[in-house]
Amino acid sequence: MGRPGKTYYYRNWDDDVVFTKHQEASIPPGFIWLHTNWVYRLSSTIVSGLCVGFATIYCRLFLHVTFQNKRCLRTQGKQGAFVFANHTQPLGDVFIPMLAALPRRAYTIAEAANLGIPIVGKMLTMGGALILPAKLSQMMQFQRAMTVRLKQHQRIFVYPEAHVWPYYTGIRPFPNGAFHYPVSANVASYAMTATYQQRRGFTKPRMIIYFDGPFYPDSALPRKVRQEKLHDEVRHAMIVRSRQSNVQYAKYQRRSDSSE
């Protein structure tokens, strides 16, 4: 992981190119999305603080992350919002939202497979992860957790590309399904675009992350059209920002069935 010039092969835009030992992890029975127990909440606050400390070291010193236009996230003031980002770091994308959301806590929508990540997976929910439900019966708890976080004026981070492609410098096509959330809640959305740029004298690039927005649901349009328009606006902002990348640290090659 992270080796310069490494080539990843894919057939479709939604392929997995990174695999872990516990990729089939699922939501355990009795899983809770919104904890009210004061012991858990205190533990969560401590874990979140430790995660921010680790995120600062890892993201600044190892990924060489800097933020541009992060101040635009303040435009919402005391209101919740969604932040949509491209998915390019297996571990970094767990911690980058924690730095982006400061001084607030970050809440990131994550697949259940992330619960299987060694060590980190056990602490994800304490660090702010909102695990996507596996069953329709769990959706109410998930939706309630998001509603509470929005009422607390928090930022909810979403990786709509779903699958991580390390150091990929483009913006992959992604469906507009995730934009159902800001449309339903009638809150603002932002684009958070990771780019990779040359560091003088170093092979490994620096990671510059740009923020754009806010983008609001257009209440004059029918609900589905509102969702599509919001998707198009956020994705366009991400595509424009992605052009700031000027180095290809990893290579991606489409694989046809006949190549095997």
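1. Two strands pair if DSSP finds at least two bridges between them. Strands here are DSSP runs of E with at least two residues, helices are runs of H or I with at least four, and both are numbered from the N terminus. By that rule, strand β2 (residues 65-68) pairs with β8 in the parallel sense, over four bridges. V65 stands opposite M207 in β8.

2. A word on the basis of this note. This is a predicted model: local features need pLDDT of at least 70, side-chain atom pairs count only at pLDDT 80 or more, and totals for chains, interfaces and linings use all residues. Residues are numbered from 1 along each chain as its sequence is written, and side-chain values use heavy atoms, with hydrogens and water left out.

3. Strand β8 has another partner. Strand β7 (residues 188-197) runs antiparallel to β8, joined by eight bridges. Y196 stands opposite M207 in β8. So M207 faces V65 and also Y196, when read with the general point that side chains in a regular strand alternate between the two faces of the sheet.4. How covered is strand β8? Strand β8 (residues 206-215) is mostly covered, with seven of its ten residues buried. Buried means under 20% relative accessible area, exposed over 50%, and partly exposed in between (1.4 Å probe, protein chains only).

4. Next, the core. A nonpolar core is a set of buried Ala, Val, Leu, Ile, Met, Phe, Trp, Tyr and Cys residues joined through side-chain atoms within 4.5 Å. The largest one has 81 residues. F82, I131, M192 and I209 have the most contacts inside this core.

5. Which residues does I131 touch, leaving aside its neighbours within four places in sequence? Contact means heavy atoms within 4.5 Å. The partners of I131 are I27, F31, W33, A110, E111, A112, L115, T125 and F142.

6. Helix α1 (residues 38-62) has 25 residues. From its first C-alpha to its last, α1 reaches 35 Å, close to the 36 Å expected at 1.5 Å a residue. That expected span is 1.5 Å times one less than the number of residues. The buried residues of α1 are Y40, S44, V47, S48, C51, V52, A55, Y58 and C59. They pack against β2, α2 (92-101) and α3 (120-127).

7. An annotation covers this stretch. In an unreviewed UniProt entry, "transmembrane region" is assigned to residues 38-63. UniProt positions follow the numbering used here, feature names are shortened, and annotations may be inferred rather than shown by experiment. In the model, the span is 96% helix and 0% strand, with its end C-alpha atoms 35 Å apart.

8. How many salt bridges are there? The count comes to three. A salt bridge is a side-chain nitrogen of Lys or Arg within 4 Å of a carboxyl oxygen of Asp or Glu.

9. R172 is buried, at 1% relative accessible area. E161 is buried too, at 6%.

10. R241 and D212 meet in a salt bridge at 2.8 Å, N to O. R241 lies in helix α6 (residues 223-242) and D212 in strand β8, so the pair ties together parts 29 residues apart in sequence. R241 is partly exposed at 22% relative accessibility, whereas D212 counts as buried at 15%.

11. D218 forms a salt bridge with K229, their closest N and O atoms being 3.0 Å apart. D218 is in the loop between β8 and α6, K229 in helix α6, eleven residues apart. D218 is partly exposed at 24% relative accessibility, and K229 is partly exposed at 34%.
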